[in-house]
Amino acid sequence: MLADTFIDGKLLDKSDLSLLHAYTLKVEDGLTDKTFSKLHFVFPQASIDTLKNTEKRIQSLSGFQPVHYDCCPSSCICYTGPYETLLKCLKCKTNQYKADGTTPWAYFLYLPIILRIRAMVANSPRARKMQYRANHQHNPTKVTDIFNSTHYSLLQESFVTVGGNELPNWFFSDPRDITLGLSTDGFGPFKHCTKTAWLIIIFNYNLPPKE
């Protein structure tokens, strides 16, 4: 028997549970879109909709809404931050929009990291794992994680500063604080190409290293 599942304090009905189970199978087992589209024929009693409608419903249930950013088709810039008000790429001079004036030549979908963190702490097993940082015991004779580093120790003795204003609390003084690390590096995806691609990886150090 399946345990009751709640989202925002509301009990999910059977149709939503069937939809979530089917989509979980697709994601975790790597089902192709074509295979997923056949599930409602194979299991006619289950409430399985089209992939497009399924993803829309899951977005609504999860609260995960991607942010749409227009980009230069040559990947010169993304129209955000200092480039938000531009209508033409500063480097290659390509217009942001096609002839209709509303359709961008290229775009990038970003899933905000705060939404992902909220989902982690809303999940009981994951939230317990997220307590790893707060429960970590420092051993000065051994380095087992970044929390044994001098930099982390110095941060714990430093006041948090936001927008030039010093706040009355130290970094990571609250056991619910989350430590994130960012790593990035560029590489040339093709042998004869002047452009590089940059991977940006964010590590959630609140989770145990094996995670």
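A residue counts as partly exposed when its relative accessible area lies between the buried limit, under 20%, and the exposed limit, over 50%. In this predicted model, Val67 has a relative accessible area of 28% and is therefore partly exposed.

Val67 belongs to strand E3, which spans residues 67–71. Leaving aside residues up to four places away in sequence, Val67 touches Phe108, Leu109, Tyr110 and Pro112. His136 is 69 residues from Val67 in sequence, and the C-alpha atoms of the two are 35 Å apart in space.

The aromatic residues are a second topic. The structure holds seven aromatic pairs. Two of them are listed here.

| Pair | Centre to centre | Angle between planes | Class |
|---|---|---|---|
| Tyr132 and Phe147 | 6.0 Å | 55° | tilted |
| Phe171 and Phe172 | 6.0 Å | 45° | tilted |

For Tyr132 and Phe147, the angle of 55° falls between the limits of 30 and 60 degrees, so the pair is tilted. Tyr132 lies in helix H7 (residues 132–135), while Phe147 lies in the loop between H7 and helix H8 (150–156), so this pair ties together parts that are 15 residues apart in sequence. Phe147 is buried, with a relative accessible area of 4%.

In the pair of Phe171 and Phe172, the planes are at 45°. Phe171 is partly exposed at 26% relative accessibility, whereas Phe172, at 17%, is buried.

The residues of both pairs also belong to one aromatic cluster, formed by Tyr132, Phe147, Tyr152, Phe171 and Phe172.

Technical notes. Residues are numbered from 1 along each chain as its sequence is written. This is a predicted model: local features need pLDDT of at least 70, side-chain atom pairs count only at pLDDT 80 or more; totals for chains, interfaces and linings use all residues. Side-chain values use heavy atoms; hydrogens and water are left out. Helices (H or I, at least four residues) and strands (E, at least two) are DSSP runs, numbered from the N terminus. Buried means under 20% relative accessible area, exposed over 50%, partly exposed in between (1.4 Å probe, protein chains only). Contact means heavy atoms within 4.5 Å. Rings of Phe, Tyr and Trp (its six-membered ring) pair if their centres lie within 6.5 Å; planes under 30 degrees apart count as stacked, over 60 as edge-to-face and the rest as tilted.
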